[in-house]
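These are my notebook entries on one structure, written down in the order in which I looked things up.

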Amino acid sequence: MVLIPTTVTPLAGYAHQQGHLQPPTDSPFDLVWAKLRNPQRTGRGARACCPAHEDSHPSLDVDVGSDGRVLLKCRSANCSTEDIVAALGLRM
């Protein structure tokens, strides 16, 4: 898995609401999630169709690293992270 760098630290941007931490709505994961095709939640991550190749079955694993970075891994065509990020319309 390759990391997408971000300036968001694990607790940066979290708001306190009624004594609980609430995640920011514009976290790196949320930005990626909004661009995925057919995403499905898997624990703290997701699985979706890979945007870097013709994918009819979800093969892209998306997860969050301990430092808040988004982790991407195509398990079907072994697409490079750069190709996946570009196909999502994002930058590393």
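In which strand is Ala48 found? I looked it up and found Ala48 in strand 5, where helices (H or I, at least four residues) and strands (E, at least two) are DSSP runs numbered from the N terminus.

Before going on, I noted that this is a predicted model, in which local features need pLDDT of at least 70 and side-chain atom pairs count only at pLDDT 80 or more, while totals for chains, interfaces and linings use all residues. I also noted that residues are numbered from 1 along each chain as its sequence is written, and that side-chain values use heavy atoms, with hydrogens and water left out.

I checked the exposure of Ala48, which counts as buried because its relative accessibility is 0%; buried means under 20% relative accessible area, exposed over 50%, and partly exposed in between, with a 1.4 Å probe and protein chains only. I then listed its contacts (heavy atoms within 4.5 Å). Leaving aside residues up to four places away in sequence, Ala48 touches Leu36, Arg37, Asn38, Pro39, Asp55, Pro58, Ser59 and Leu60. For one of these, Asn38, I looked up the spacing: Ala48 and Asn38 are 10 residues apart in sequence, and their C-alpha atoms are 5.5 Å apart in space.

Why is strand 5 largely enclosed by the rest of the structure? I found that four of the five residues of strand 5 are buried, so the strand is largely enclosed.

Next I looked for strands that pair with it, where pairing requires that DSSP finds at least two bridges between them. Strand 4 (residues 37–42) and strand 5 (residues 45–49) run antiparallel and are joined by four bridges, and Arg37 stands opposite Cys49 in strand 5. On strand 6 (residues 60–64), I found an antiparallel pairing with strand 5 over three bridges, in which Ala46 stands opposite Val62.

I also looked at the hairpin of strand 4 and strand 5, which has two residues between the strands, and there Gly43 takes a positive phi near 65 degrees.

**Entry: two asparagines with positive phi**

I returned to Asn38, whose place is in strand 4, and noted that its phi is near 55 degrees, a positive value in a residue other than glycine. Asn38 counts as partly exposed, because its relative accessibility is 47%. I then turned to Asn78, which is not a glycine but has a positive phi of about 55 degrees. Asn78 is found in the loop between strand 7 (70–74) and helix 2 (81–87), and it counts as exposed at 57% relative accessibility.

**Entry: cysteines**

How many disulfides does the structure hold? I found zero disulfides, taking a disulfide to be a pair of cysteine sulfur atoms within 2.5 Å. Cys50 is in no disulfide, and its nearest cysteine sulfur, that of Cys79, is 3.8 Å away. Cys74 is likewise in no disulfide, with the sulfur of Cys79 as its nearest cysteine sulfur at 3.9 Å.

I placed Asp30 in helix 1 (residues 28–33), where it counts as partly exposed at 28% relative accessibility. The C-alpha atoms of Asp30 and Val70 are separated by 9.6 Å, although the two residues are 40 residues apart along the chain.

I also found that the charged end of Arg41 sits over the ring of Trp33, 5.7 Å from its centre; this requires NZ of Lys or CZ of Arg to be within 6 Å of the ring centre and within 35 degrees of the ring normal.

**Entry: the whole chain**

Finally I looked at the chain as a whole, which has two helices and seven strands, and whose elements run β-β-β-α-β-β-β-β-α from the N terminus on. Buried residues make up 33% of its 92 residues. Of the contacts in the chain with a separation of 6 or more, residues 24 or more positions apart account for 39%.
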